[in-house]
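Student: I should like to go through this structure by question and answer, starting with a pair of residues and their surroundings.

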Amino acid sequence: MQTTSFMTTGKVVKNTGSHYVVETREGILVPCKAKGNFRIKGLRTTNPVAVGDDVTIGAPGPDGVAYITKIAPRRNYIIRRASNLSKESHIIAANIDQAMLIISLVHPTTSTTFVDRFLASAEAYNIPAIIVINKIDLLEEGEDQEFLEAFTYLYESIGYKVVQLSARTGEGLEQVSELLKDKITLLSGNSGVGKSTLINDLVPEANVKVAEISAAHDQGMHTTTFSELFHLPEGGSIIDTPGIRGFGTIDFDKAEVGHYFPEIFEESKHCKFGNCTHTHEPACAVRQAVDEARIAQSRYNSYLSILEDSEEDKYRK
């Protein structure tokens with residue numbers, strides 16, 4: 001691996017937890033460690049340096065490792081609750097143009113709660129989100145296909161872009177490639193949904209290890225243990241992140257959760273009370289819309305689950 005011998009700037013392209021790889025503006029890859037105690041004011045995070053961060057690094061030492069001395073202000077970032085369910089957050093990626101959530105409806109099944117929590121977090125940080133339904137080749141005629149179309153219709157009717165994909169056969173791959181072109185895109189999803197297969201389709205030299213599915217639990221086995229940025233041959237970059245089984249939201253003001261569900265926010269304008277929580281108040285337009293099936297029950301349930309996340313000390317018990 002090439003190294004540089006002077007103070008310079010670059011972008012973090014790999015994060016293993018304690019070590020980083022920074023790509024300089026000249027395209028040189030430099031192994032790095034973080035120097036000092038990087039903290040964002042008001043944000044308690046398990047990883048103060050994230051893939052996508054623009055950083056300043058010093059000259060490498062005798063071992064070839066340089067120190068990250070400064071993090072440039074972030075254009076944006078997206079976080080989730082740390083896996084230990086503490087009050088701390090985990091920064092998934094920084095300075096991204098969009099987020100692409102890879103899901104599957106079978107083997108394994110991605111829950112709508114997971115999808116909605118991810119979308120709400122993207123909305124909270126003003127990051128456009130795209131849903132990619134992978135493994136459509138495994139769906140059988142009849143109920144499976146009906147569920148696929150209903151799922152697609154639900155999220156498209158809210159305003160999200162939805163792509164139906166088979167990373168195995170290549171169906172839908174061209175559409176995904178076009179959406180990724182010339183953008184920095186976070187790829188996320190549960191373990192086992194085919195994210196690694198998709199990355200290998202898009203960037204063959206990445207050679208990402210493909211997950212196996214646990215027969216006992218129909219869940220993906222974790223293969224990616226760190227985040228990494230890959231450059232796309234036709235322009236743009238993707239950031240691969242470890243597969244996650246749950247998506248804990250953090251730092252959401254209970255009064256603002258409804259803002260992160262576009263259809264709930266739109267209906268809330270007609271509620272009798274301006275501070276309506278849409279849980280028990282009279283003349284609540286949101287609950288009426290749920291009763292009349294103008295807001296999906298699954299989306300409303302996800303909204304309630306995030307309100308529950310926001311309860312004080314929920315993760316300290």
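Student: Are Y77 and Y125 buried or exposed?
Tutor: The model is predicted, so local features need pLDDT of at least 70 and side-chain atom pairs count only at pLDDT 80 or more, while totals for chains, interfaces and linings use all residues. Residues are numbered from 1 along each chain as its sequence is written, and side-chain values use heavy atoms, with hydrogens and water left out. Buried means under 20% relative accessible area, exposed over 50% and partly exposed in between, with a 1.4 Å probe and protein chains only. By that rule, Y77 and Y125 are both buried.

Student: What is the angle between the planes of F151 and Y155, and which class of pair results?
Tutor: Rings of Phe, Tyr and Trp (its six-membered ring) pair if their centres lie within 6.5 Å; planes under 30 degrees apart count as stacked, over 60 as edge-to-face and the rest as tilted. The ring centres of F151 and Y155 are 4.8 Å apart. Their planes meet at 40°, so the pair is tilted.

Student: Which helix holds F151 and Y155, and which residues form their aromatic cluster?
Tutor: Helices (H or I, at least four residues) and strands (E, at least two) are DSSP runs, numbered from the N terminus. F151 and Y155 lie four residues apart, about one turn, in helix α2 (residues 143-158), and both are buried. The cluster consists of F147, F151 and Y155.

Student: How many aromatic pairs are counted, and which parts does the pair of Y77 and Y125 tie together?
Tutor: The count comes to five aromatic pairs. Y77 and Y125 form a tilted one, 5.4 Å centre to centre with 40° between the planes. The pair ties together parts 48 residues apart in sequence, because Y77 lies in strand β6 (residues 77-81) and Y125 in the loop between α1 (112-124) and β9 (129-134).

Student: Which residue lies over the face of Y77?
Tutor: A charge sits over a ring if NZ of Lys or CZ of Arg is within 6 Å of the ring centre and within 35 degrees of the ring normal. At 5.9 Å from the ring centre of Y77, the residue is R74.

Student: What does N47 touch?
Tutor: N47 sits in the loop between β3 (29-34) and β4 (54-57) and is buried, with a relative accessible area of 7%. Its C-alpha is 6.4 Å from that of I91, although N47 and I91 are 44 residues apart in sequence. Contact means heavy atoms within 4.5 Å; not counting residues up to four places away in sequence, N47 touches N15, H90 and I91.

Student: Which residue of β14 is the bridge partner of K14?
Tutor: Two strands pair if DSSP finds at least two bridges between them. Strand β1 (residues 8-15) and strand β14 (residues 227-231) are antiparallel, with two bridges. The partner of K14 is E228.

Student: Which residue of β15 stands opposite H231?
Tutor: β14 and strand β15 (residues 237-240) run antiparallel and are joined by four bridges. In their hairpin, with five residues between the strands, G235 takes a positive phi near 105°. Opposite H231 stands S237.

Student: How far apart are the end C-alpha atoms of helix α7?
Tutor: The expected span of a helix is 1.5 Å times one less than its number of residues. For the 13 residues of α7 (residues 297-309) this should give 18 Å. The end C-alpha atoms agree with that, being apart by 19 Å.
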